[in-house]
Amino acid sequence: MDPLNLIKILPKAELHLHIEGSFEPELMFEIAQRNKVSTRFKSVEEVREAYNFHNLQSFLDIYYEGANVLIHERDFYDLTMAYLKKCQEDNVVHTEIFFDPQTHTSRGISFETVFKGIQGALLDAKKEWGMSSHLIMCFLRHLSEEDAFKTLKESLPYKEHIIAVGLDSSELGHPPTKFERVFKAARDEGFLTVAHAGEEGPVSYIKEALDLLKVSRIDHGVRSLEDDELVERLAKEKMPLTVCPLSNIKLCVFKKLADHNLKKLLDRGVLVTINSDDPAYFGGYMNENFSQTAIALNLSQAEIKLLAINSFTASFLPGATKESWVEKINQLSL
Ligand code: HPA
Ligand code: ZN
């Protein structure tokens, strides 16, 4: 089967997606207008032209700026529903969504507003087309440990609906050690943990995330290939990496997709998954990430299928549900 058709028909889970990063300029303009918030951009085209990044920080500056127009529960609902519809188009049947409460609470928007808006859309997608989802609350690592503790406390009334905590934003200079205590407190409250590590930051950050934050997955982790022992450990422990190929190109982690190390990681037995990270900013949702990567790295049918299987294996779905998706994939006549 043609790889692009295969990618379309494979059910997939997305495990690395920042909801604020799915904010398309068209919706941003619509919400800015209805909230009477002004932005420095005059048109959708002007916004898109500004999406030329040279590293993570140059992206984050504009990503936080875009999120400023989100004020009401309905705004968070619309943002989330727009992403979930993209999932439906791409045959993403399960998603584990990051949200950044501090981006909003620091502007005076309540945790409750953010949570209820997102959760409302997740419940409607479940009801309307049976899509499943989990929420992962990220701490912004450029902010203090104290601020993270405050956010953890604010999340407790909703903890039954948030499966894990994560760590995102500016990686360099903000190692996992900074958040060791707040992650311990989160685990004691029953949250699973994940962390961005080894996107721009060194291999030591990946090891700290494993050993100190006790993560169940590493987000990105592409720099792990610099350390043979670490690669062996990741493979042996079946520690998933949520890799985001188009993001890595846009943020200049790799020069071009053909240079990406995803296939090398797969060949070394690492449980790699493909994800879109911030699709509105990086030029593509799930199938676009799969397709462009499959072409650039000349992935085989078996490798594409394995990536779809890995997306369920690495998810936080119950064991029986994972198995049933894997079985469905194995039964597809290709
Ligand atoms: N890395 C770190 N922080 C982020 C990212 C990312 O890729 N996307 C949104 N916040
Ligand atoms: Zn990310």
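The discussion below takes a metal site and then a ligand.

Modeller: This is a predicted model, in which local features need pLDDT of at least 70, side-chain atom pairs count only at pLDDT 80 or more, and totals for chains, interfaces and linings use all residues. Residues are numbered from 1 along each chain as its sequence is written, chains are lettered from A and ligands numbered from 1 in the order written, and side-chain values use heavy atoms, without hydrogens or water.

Colleague: Which residues are the protein donors of the zinc ion (ligand 2)?

Modeller: Donors are N, O and S atoms within 2.8 Å of the metal (3.2 Å for Na, K and Ca); water is not among the atoms, so sites may look incomplete. Here H16 (NE2), H18 (NE2), H196 (NE2) and D277 (OD) lie 2.0 to 2.3 Å from the zinc ion. Their spacing in sequence is H-x1-H-x177-H-x80-D.

Colleague: Where do H196 and D277 lie?

Modeller: Helices (H or I, at least four residues) and strands (E, at least two) are DSSP runs, numbered from the N terminus. H196 is in strand β5 (residues 192–197) and D277 in the loop between β8 (272–274) and α14 (279–282), so the pair ties together parts 81 residues apart in sequence. Both are buried (under 20% relative accessible area, 1.4 Å probe, protein chains only).

Colleague: Which polar contacts does ligand 1 make with H18, E199 and D277?

Modeller: A polar contact is a pair of N or O atoms within 3.5 Å. A nitrogen atom of ligand 1 is 3.2 Å from a side-chain N or O atom of H18, and a nitrogen atom of ligand 1 is 2.8 Å from one of E199. A polar side-chain atom of D277 lies 2.8 Å from an oxygen atom of ligand 1.

Methods
Buried < 20%, exposed > 50% of the residue type's maximum accessible area, 1.4 Å probe, protein only. Polar contact = N/O pair within 3.5 Å; in protein donor to acceptor, adjacent residues only side chain to side chain.
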